[in-house]
Amino acid sequence: MNIQVPREELLKQLGYKQSPRPKLVNMADEMLGLVNNLLEPMLAFKEIQDEERLPPFLKGAVLKYTGAATLGPKLENKVKDLFDEGKPAEAYILDTAGSIAMTKAGDTLWNEIRKDAASKGFKKGLRRTPGCQGIDLETQEWIFGKLGDCGLGIELTSSYMMFPRKSLSFLARFGGKLKGTFSCKGCKQYADCTLRG
């Protein structure tokens, strides 16, 4: 999986709409130079066949998946090192670049699932991640139980957070009808959500 983080995208995520000062651009370029050697992106997904104990989001779907992706631990270890070295600005920029890379890894995972679904005759689907409205964080345990030992090296904490932190998981559904009890429109993140569509 080849993940690129463009400088323009990083600067925009950092809050700069116009060109920042050269010092910040140089710092961003320095951190972007580190990114490629720190990313170890991996993904896995699995079609869910059984119908027992399904999370509400998957109920009624014809085709159901669970999936996860990670960037590995190197990037966040480097972010911690930078903080420990008294370089908080560099640490923040590198962490932000990692968040952008994680979004791109999630999109790659979604595209792989959509290809698999398309091969089975399904073109449109939905994905949602634990923590979204209607999907409890505890669903993480169900997701990783279904994925089994998929070689990603992601561990769940007792509060269902993933480690490495630059990891994500989601449920995906194709076909069937979404139960009326599940709606994204009431979610506070609805307008900025990257999981819709």
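Reader: At what angle do the axes of helix H2 and helix H3 cross?

Author: Two packed helices are described by the angle between their axes and the distance between the axes. In this predicted model, the axes of H2 (residues 22–38) and H3 (residues 74–84) cross at roughly 140° and come within 9 Å.

Reader: Is the crossing of H2 and H3 left-handed or right-handed?

Author: The crossing is right-handed.

Reader: Which residues in H2 and H3 meet?

Author: From H2 come Met 31, Leu 34, Asn 37 and Leu 38, and they meet Lys 74, Leu 75, Lys 78 and Leu 82 in H3. Sorted by class, this contact of H2 with H3 has 5 nonpolar, 2 charged and 1 polar residues.

Reader: What order do the strands of the open sheet have?

Author: The order is E1-E2-E6-E3, 4 strands with antiparallel pairing. Strands E1 (42–47) and E3 (125–128) each have a single partner strand, so one side of each is left without a neighbour in the sheet. On average, neighbouring strands are turned by 20° against each other, direction ignored.

Reader: How many bridges join E3 to E6?

Author: There are 4 bridges between E3 and E6 (residues 167–174), which run antiparallel. Arg 127 stands opposite Ala 172 in E6.

Reader: Which strands does helix H4 touch?

Author: H4 (residues 88–119) packs on the sheet and touches E1, E2 (63–70), E3 and E6. The direction of H4 makes about 25° with that of E6.

Conventions: Residues numbered from 1 in each chain as written. Predicted model: local features only at pLDDT ≥ 70, side-chain atom pairs only at ≥ 80, totals over all residues. Heavy atoms only, no water. Pairing = 2+ DSSP bridges. Helix = DSSP H or I, 4+ residues; strand = E, 2+ residues; numbered from the N terminus. Axes fitted to C-alpha atoms, helices over the stretch in contact; angles between N-to-C directions. Contact = heavy atoms within 4.5 Å. Left-handed = near helix turned anticlockwise from the far one by under 90°. Nonpolar A, V, L, I, M, F, W, Y, C, P; charged D, E, K, R; others polar.
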